[in-house]
Amino acid sequence: MTAIHVLYGTESGNAEMAADDIAEVLRGQGFEAEVGELSAVSVAALADLATVVVLTSTYGEGELPENAAAFHTALLEVRPDLSGLRFGAFGLGDSVYDTYNNGIDTLRATLLELGARQVGDTAKHDAASGDPVSDLASAWAGTLLDLIPA
């Protein structure tokens with residue numbers, strides 16, 4: 001059984017709720033899904049994982065939330081070889097801001113730069129749409145199932 005780590009960065013808790021929704025879909029399809037904060041993951045240990053889903057909101061003027069920013073800074077400092085890592089990317093933002101979903105774009109670009117391979121499209125929830133984050137998170141997680149080896 002493939003273990004998938006669903007890792008989130010959040011200020012308000014919305015990315016954590018979306019991470020739980022994604023993990024629930026993955027578990028329902030027979031995957032082992034572990035949910036945790038990005039800041040709790042050692043970037044050196046990240047290279048040993050096969051598949052992760054990263055979620056983050058965009059905070060302030062387009063920055064990563066504090067718990068995702070520390071993870072991102074560590075990635076840039078340690079620069080682990082992530083060529084064996086597959087990842088899915090899910091962002092939360094608000095299109096009324098010029099920096100809409102800059103958080104996930106920043107994190108995604110760094111993971112790709114370090115050799116990780118993205119599976120699926122980057123999902124971007126828009127708070128201005130009024131659509132529940134849970135709906136997009138669950139539907140998007142379903143699109144990943146064929147891309148993740150069992």
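**Salt bridges, cores and a helix pair**

R79 counts as partly exposed, because its relative accessibility comes to 40%, a value between the 20% and 50% cut-offs. The model looked at here is a predicted one. R79 sits in the loop that runs between helix 3 and strand 4.

In general, side chains of opposite charge can pair when their charged atoms come close.

The count of salt bridges comes to 2, and D105 and K124 make up another such pair, at 2.8 Å from N to O. Here D105 is in helix 4 and K124 is in strand 6 (residues 123-126), so the bridge ties together parts that lie 19 residues apart in sequence. Both ends are partly exposed: D105 because its relative accessibility is 28%, and K124 because its value is 34%.

Nonpolar side chains tend to be buried together in soluble globular proteins. The largest nonpolar core in this model holds 24 residues, and V6, I22, L26, V53, L55 and F90 are the ones with the most contacts inside it. At least two residues of this core come from each of strand 1 (3-9), helix 1 (14-28), strand 3 (51-57), strand 4 and helix 5 (133-144). Helix 1 gives the most, with 6 residues. As for L26, once neighbours within four places in sequence are set aside, its contacts are I4, V6, F31, A33, L145 and I148. Apart from this core lies another one, made of 21 residues, with L7, V41, L46 and L111 among them.

Helix 1 turns up again in a helix pair. Two packed helices are described by the angle between their axes and the distance between the axes. For helix 1 and helix 5, the angle is about 40° and the axes are 8 Å apart. The crossing of helix 1 and helix 5 is right-handed. On the helix 1 side, the contact is made by N14, A18, D21, I22 and V25, and helix 5 brings V133, S134, A137, S138, W140, A141 and G142. Sorted by class, the residues of this contact are 7 nonpolar, 4 polar and 1 charged.

S57 has its place in strand 3 and counts as buried, because its relative accessibility is 12%, which is under 20%. With neighbours within four places in sequence left aside, S57 is in contact with G9, T10, E11, A15, E63, P65, L92 and G103. N101, in turn, belongs to the loop between strand 4 and helix 4.

Definitions and conventions. Residues are numbered from 1 along each chain as its sequence is written. This is a predicted model: local features need pLDDT of at least 70, side-chain atom pairs count only at pLDDT 80 or more; totals for chains, interfaces and linings use all residues. Side-chain values use heavy atoms; hydrogens and water are left out. A salt bridge is a side-chain nitrogen of Lys or Arg within 4 Å of a carboxyl oxygen of Asp or Glu. Buried means under 20% relative accessible area, exposed over 50%, partly exposed in between (1.4 Å probe, protein chains only). Helices (H or I, at least four residues) and strands (E, at least two) are DSSP runs, numbered from the N terminus. A nonpolar core is a set of buried Ala, Val, Leu, Ile, Met, Phe, Trp, Tyr and Cys residues joined through side-chain atoms within 4.5 Å. Contact means heavy atoms within 4.5 Å. Axes are lines fitted to C-alpha atoms, for helices over the stretch in contact, and angles run from 0 to 180 degrees between N-to-C directions. A crossing is left-handed if the near helix is turned anticlockwise from the far one by less than a right angle, and right-handed if clockwise. Ala, Val, Leu, Ile, Met, Phe, Trp, Tyr, Cys and Pro count as nonpolar, Asp, Glu, Lys and Arg as charged, and the others, Gly among them, as polar.
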